[in-house]
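Please read the following note beside the sequence and the model.

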There are 2 protein chains.
Amino acid sequence: MKNRQERKLLTRQSLMSAALQWVEEGQHFSSLSIREVAKRAGVVPTAFYRHFKDMDDLALNLVDELSLVLRQLMREVRQERASPTRIIEASVQQYCQYVASQRVFFLFMSQSMTGGTTVVRQAVRSELQYFAKELVVDLRRLDLLPNMEPAMVDHLADLTISTVAFATVQLLDLVDSGPQARQAFEYKLTRQLQLIYIGAANWRRA
Amino acid sequence: MKNRQERKLLTRQSLMSAALQWVEEGQHFSSLSIREVAKRAGVVPTAFYRHFKDMDDLALNLVDELSLVLRQLMREVRQERASPTRIIEASVQQYCQYVASQRVFFLFMSQSMTGGTTVVRQAVRSELQYFAKELVVDLRRLDLLPNMEPAMVDHLADLTISTVAFATVQLLDLVDSGPQARQAFEYKLTRQLQLIYIGAANWRRA
DNA sequence: ATTAACTGTGTACAAGCGTGCACAATATGC
DNA sequence: GCATATTGTGCACGCTTGTACACAGTTAAT
């Protein structure tokens, strides 16, 4: 075998996906031990330290991967060119599909939003804030809401992200419910976001 | 000492408040062991089983206590008689105050919404659903939104609860930030809820 | 008054935990 | 080609974990 860096990267990824596998099985990340993740990655426990300082360190690196997943999602949703009236509907549909396809990352995210260590929680939250910021950019670019003061646009974006994030937690538990339950969920989320943006359209500065 | 049931209830409560103490210290409930909670309650580990089947059982009983806290909150907010235009502002203010005073319960709730076992998660979520249902009752009673179909009122209430619940998670991390940060938070949440209810007022059935 | 039920104690065990340390294998820099 | 740095191994240590079991003290039931 050649190339030491490649080999290292390989076991590093083994460790990270072993951690995700743990989450995918319904376990909480915080209950994952170094020994367990090493066993699943097929290495000896102490080898863990060649890659990560501790489990928190691993979690932060998972957040970085999650960040890539979210950026990819943003790209996909943005290139969707639906009519303005149907843009929410289309985005929700696409989002739900994406959550299903990248399920484990969103599981990890929803766990870490409230669950993990302070630093991990903060890391995930700053990802969401970045998301909200990008949404603000989009709202400006579409040039709807010209009457709204900037601070309120921020609050609007924050509310949007909050709503979607909270809904995601519910969506993730709907895995073994029938497709009609998912349909109803999509419908509900769509209506709720429409409600918010009707509010935004009718907002008069206070 | 007399009265066995009283004594039993006492150590039972010791166990439960020991668990809450653990959460209050910033630890995650799922990382609390039987031995640790027993130690903190001042009993021997095996005594735990005289009261609870396992930690999940204890968690469910904590959810029951949480339920009482939430009902108390609902009562307090309801007897607040602010003008219709200021009702959101007043409710948010009162809510934030209540979260601060019952901090540990809301910490436990926010952990269990996404963190714990499936059964605990479901239990907390059904508490929130109950809350949403009560909100629907209130909205009907105030007889605003006569144009809105019942299903949409449900979605509105759900969105309200989601928003507040998600905001609570943020609020709980604002404990050591200054009072101006809390002020800003209250302002943001108020604006967001106003946004939602402006949307509701302008909703036309689809 | 005696018996039974209950609640908490103490001990014990196997399993799992984090992690320090010496060592083997091997790719890399000179 | 040789010295070095890096990656993974294996072992060891002391600690914590869940829980089984026998037992003690006390209250409740008869």
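Predicted model: local features only at pLDDT ≥ 70, side-chain atom pairs only at ≥ 80, totals over all residues.

1. Some conventions apply throughout: residues are numbered from 1 along each chain as its sequence is written, and chains are lettered from A in the order in which they are written. Local features need pLDDT of at least 70, side-chain atom pairs count only at pLDDT 80 or more, totals for chains, interfaces and linings use all residues, and side-chain values use heavy atoms, with hydrogens and water left out.

2. Contact (heavy atoms within 4.5 Å) joins 36 residues of chain A to 36 residues of chain B. The two chains bury about 3300 Å² between them, 66% of it on carbon and sulfur atoms; buried area is the accessible area (1.4 Å probe) that two parts lose on being put together, summed over both. Thr114(A), Phe166(A) and Leu195(A) supply 21% of the area that chain A buries against chain B, more than any other three residues.

3. Which charged pairs cross the interface? A salt bridge requires a side-chain nitrogen of Lys or Arg within 4 Å of a carboxyl oxygen of Asp or Glu, and six are found between chain A and chain B. Asp173(B) takes part in one with Arg125(A), at 3.0 Å between the closest N and O atoms, and in one with Arg121(A), at 3.2 Å. The latter pair joins two chains, because Arg121(A) lies in helix α6 of chain A and Asp173(B) in helix α7 (residues 150–173) of chain B. Helices are DSSP runs (H or I, at least four residues), numbered from the N terminus.

4. The two partners differ in burial class, where buried means under 20% relative accessible area, exposed over 50%, and partly exposed in between (1.4 Å probe, protein chains only). Arg121(A) is buried at 13%, whereas Asp173(B) is partly exposed at 23%.

5. Over all chains the count comes to 24 salt bridges. Within chain A, Asp138(A) pairs with Arg78(A) at 2.8 Å between the closest N and O atoms. This pair links distant parts of the chain, helix α6 and helix α3 (residues 55–79), 60 residues apart. Asp138(A) is buried at 16%, and Arg78(A) is partly exposed at 25%.

6. Glu36(A) and Lys39(A) form a salt bridge with the closest N and O atoms 3.8 Å apart. Both lie in helix α2 (residues 34–41) of chain A, three residues apart, about one turn of the helix. Lys39(A) is exposed, at 60%.

7. The largest nonpolar core has 138 residues, and Phe29(A), Phe106(A), Phe29(B) and Phe106(B) have the most contacts inside it. Such a core is a set of buried Ala, Val, Leu, Ile, Met, Phe, Trp, Tyr and Cys residues joined through side-chain atoms within 4.5 Å. Not counting residues up to four places away in sequence, Phe106(B) touches several residues, including Val69(B), Tyr95(B) and Leu172(B).
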